[in-house]
Amino acid sequence: QVQLVESGGGLVQPGGSLRLSCAASGFTFSSSTMIWYRQTPGKEREWVATITRTGSTNYADSVKGRFTISRDNAKNTVYLQMNSLKPEDTAVYYCKNSVLNYWGQGTQVTVSS
């Protein structure tokens with residue numbers, strides 16, 4: 001059974017940092033491309049970043065230079081390091097396998113003073 005468990009969200013001031021984690025199980029993590037998305041109420045889910053099985057990464061323009069996606073195949077975990085956070089980064093963040101249509105519960109990130 002595929003499971004994705006996101007964690008690490010919270011309340012942070014503008015300019016602050018957070019590190020999100022996504023623990024995956026139920027599929028071959030090391031062979032999978034993993035993706036972070038985010039969603040705010042009333043809006044479509046937005047792509048944030050992708051990391052391939054070989055470690056290649058891509059980022060949405062809105063987070064490029066501030067966010068870093070990484071993975072630890074030994075722990076079946078994908079991370080999202082978020083620096084220089086802005087109020088517009090406030091959202092629920094989700095991770096996903098690029099192929100399998102399963103979603104976790106997400107983790108709330110709130111950027112506010």
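Select D89. Leaving aside its neighbours within four places in sequence, D89 is in contact with R38, R66, F67, S84, V109 and V111. Contact here means heavy atoms within 4.5 Å.

Before going on, note that this is a predicted model, in which local features need pLDDT of at least 70, side-chain atom pairs count only at pLDDT 80 or more, and totals for chains, interfaces and linings use all residues. Residues are numbered from 1 along each chain as its sequence is written, and side-chain values use heavy atoms, with hydrogens and water left out.

**Stop 1: D89**

Stay on D89. It sits in the loop between β8 (77–82) and β9 (91–97). Strands are DSSP runs of E, at least two residues, numbered from the N terminus. Is D89 buried or exposed? D89 is buried, with a relative accessible area of 0%. Buried means under 20% relative accessible area, exposed over 50%, and partly exposed in between (1.4 Å probe, protein chains only).

**Stop 2: R38**

D89 forms a salt bridge with R38, and the closest N and O atoms are 2.9 Å apart. A salt bridge is a side-chain nitrogen of Lys or Arg within 4 Å of a carboxyl oxygen of Asp or Glu. R38 lies in strand β4 and D89 in the loop between β8 and β9, so the pair ties together parts that are 51 residues apart in sequence. R38 is buried too, with a relative accessible area of 6%.

**Stop 3: R66**

Next, select R66. Look in the loop between β6 (57–59) and β7 (67–72). R66 counts as buried, at 10% relative accessibility. R66 forms a salt bridge with D89, with the closest N and O atoms 2.7 Å apart. R66 is in the loop between β6 and β7 and D89 in the loop between β8 and β9, so this pair ties together parts that are 23 residues apart in sequence. The side chain of R66 also reaches the backbone oxygen of S62 at 2.8 Å.

**Stop 4: the network**

Show R38, E46, R66 and D89 together. These residues are linked in a network of salt bridges. The structure holds four salt bridges.

**Stop 5: D61 and K64**

Move to D61 and K64. Their side chains meet in a salt bridge (3.2 Å, N to O). D61 is exposed, with a relative accessible area of 67%.

**Stop 6: M82**

Finish at M82. Leaving aside neighbours within four places in sequence, M82 is in contact with residues including R66, F67, Y93 and V109.

Terms used. Helix = DSSP H or I, 4+ residues; strand = E, 2+ residues; numbered from the N terminus. Polar contact = N/O pair within 3.5 Å; in protein donor to acceptor, adjacent residues only side chain to side chain.
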